Amino acid sequence: MGGLSIWHWIIVGAVVFILFGGKFKISDVMGDVAKGIKAFKKGMAEDDAAANDAKTSLEGQTSERRALENDNADGKKV
């Protein structure tokens with residue numbers, strides 16, 4: 001294990017290439033990660049807003065249904 005094998009050199013080359021070479025730079029990768037996180041947060045916020053709208057809609061329907069049931073019950077008693 002005294003010398004470096006081909007796998008060690010391949011890993012070192014890959015790290016050097018990622019840091020200094022080509023189009024695949026750390027700053028580009030981190031920018032893409034940041035865009036992904038922002039898109040994820042935006043999607044979660046939209047899901048929460050949709051869930052709140054649905055909940056509000058269901059609560060409105062429930063209160064309307066209760067009012068109709070009470071009106072029908074009052075009509076039967078009279």
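This is a predicted model: local features need pLDDT of at least 70, side-chain atom pairs count only at pLDDT 80 or more; totals for chains, interfaces and linings use all residues.
1. Secondary structure. The protein contains two helices and zero strands. Helix α1 covers residues 6-20, and helix α2 covers residues 26-77.

2. Burial and surface. Of the 78 residues of the protein, 1% count as buried. The exposed surface comes to about 7,100 Å². Carbon and sulfur atoms supply 64% of that area.

3. Nonpolar patch. A nonpolar patch on the surface is formed by Leu4, Trp9, Ile11, Val12, Val15, Val16, Leu19, Phe20, Ile26, Met30, Val33 and Ile37. Together these residues have about 1,200 Å² of accessible area. The elements that each give two or more residues to the patch are α1 and α2. The largest share, seven residues, comes from α1.

4. Is Val12 buried, partly exposed or exposed? Val12 has a relative accessibility of 41%. Buried means under 20% and exposed means over 50%, so Val12, at 41%, counts as partly exposed. Val12 lies in helix α1, the element with the largest share of the nonpolar patch.

Key:
Residues are numbered from 1 along each chain as its sequence is written. Side-chain values use heavy atoms; hydrogens and water are left out. Helices (H or I, at least four residues) and strands (E, at least two) are DSSP runs, numbered from the N terminus. Buried means under 20% relative accessible area, exposed over 50%, partly exposed in between (1.4 Å probe, protein chains only). Accessible areas come from the Shrake-Rupley method with a 1.4 Å probe; for residues, only the protein chains shown count as cover. Patches are made of residues with over 30% relative accessible area and no salt bridge: like charges are joined within 9 Å, nonpolar side chains (Val, Leu, Ile, Met, Phe, Trp, Tyr) within 5 Å. A salt bridge is a side-chain nitrogen of Lys or Arg within 4 Å of a carboxyl oxygen of Asp or Glu.
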